[in-house]
Amino acid sequence: MAPEKKLPAIKSNLTEQRLVVRDLTLSCHIGLTDEERLRPQRLRVSLELSLNPVAVNDDQIDETVNYGTLVKKVRDVCLKNNVRLLETLATQISEACFFDERIKTVAMRIEKLDRYPDVAGVGIEITRTRS
């Protein structure tokens with residue numbers, strides 16, 4: 001067996017970084033009518049956060065935007081919500097996503113999965129940028 005060739009070090013710059021949470025499914029009370037709000041509705045939330053890029057060099061969690069923290073914040077907003085519209089909930093979730101100064105933009109989709117029996121999901125997509 002031939003010895004493995006060592007590749008030369010390549011110099012590069014990190015120019016873009018995104019954090020993605022795809023298809024987080026949870027239940028919460030939301031809806032325009034009292035009847036709709038009586039039972040929890042399944043929601044699906046997907047997020048894409050653009051970050052000020054920071055290379056992780058020391059393999060330490062504090063060098064990153066922690067996706068575990070992000071998911072917990074989204075769950076907390078949904079479980080503690082007292083809103084009627086997905087649009088309002090989307091605003092609350094997206095605002096909670098700016099918990100780290102490295103986060104520049106939040107793009108998200110939120111869908112009700114069981115509102116209509118013949119539709120896979122109805123919802124809204126929004127993008128917010130840190131001001």
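This is a predicted model: local features need pLDDT of at least 70, side-chain atom pairs count only at pLDDT 80 or more; totals for chains, interfaces and linings use all residues.
## Basis of the values

Local features need pLDDT of at least 70 and side-chain atom pairs count only at pLDDT 80 or more, while totals for chains, interfaces and linings use all residues. Residues are numbered from 1 along each chain as its sequence is written, and side-chain values use heavy atoms, leaving out hydrogens and water. Helices (H or I, at least four residues) and strands (E, at least two) are DSSP runs, numbered from the N terminus.

## Strands

β1 and β2 pair in the antiparallel sense over ten bridges; strands pair if DSSP finds at least two bridges between them. Leu-19 has Leu-49 in β2 as its bridge partner. β2 also pairs with β3, in the antiparallel sense over nine bridges, and Glu-48 has Ala-107 in β3 as its bridge partner.

Eight of the eleven residues of β2 are buried, that is, under 20% relative accessible area with a 1.4 Å probe, protein chains only.

## Helix α2

In α2, the buried residues are Leu-70, Val-71, Val-74, Val-77 and Cys-78. They line one face of the helix because, seen down its axis, they fall within an arc of 125 degrees, taken from the directions from the helix axis to the C-beta atoms. These residues pack against β1, β2 and α3 (contact: heavy atoms within 4.5 Å).

At the start of α2, a side-chain oxygen of Asn-66 lies within 2.7 Å of the backbone nitrogen of Gly-68.

## Helix α3

α3 spans residues 86-96, with Leu-86, Leu-89, Ala-90, Ile-93 and Ser-94 buried. Its buried residues fall within an arc of 130 degrees, so they line one face of the helix. They pack against β1, β2, α2, β3 and β4.

Methods. Buried means under 20% relative accessible area, exposed over 50%, partly exposed in between (1.4 Å probe, protein chains only). A polar contact is a pair of N or O atoms within 3.5 Å; within protein, one must be able to donate a hydrogen and the other to accept it, and residues adjacent in sequence count only if both atoms are side-chain atoms.
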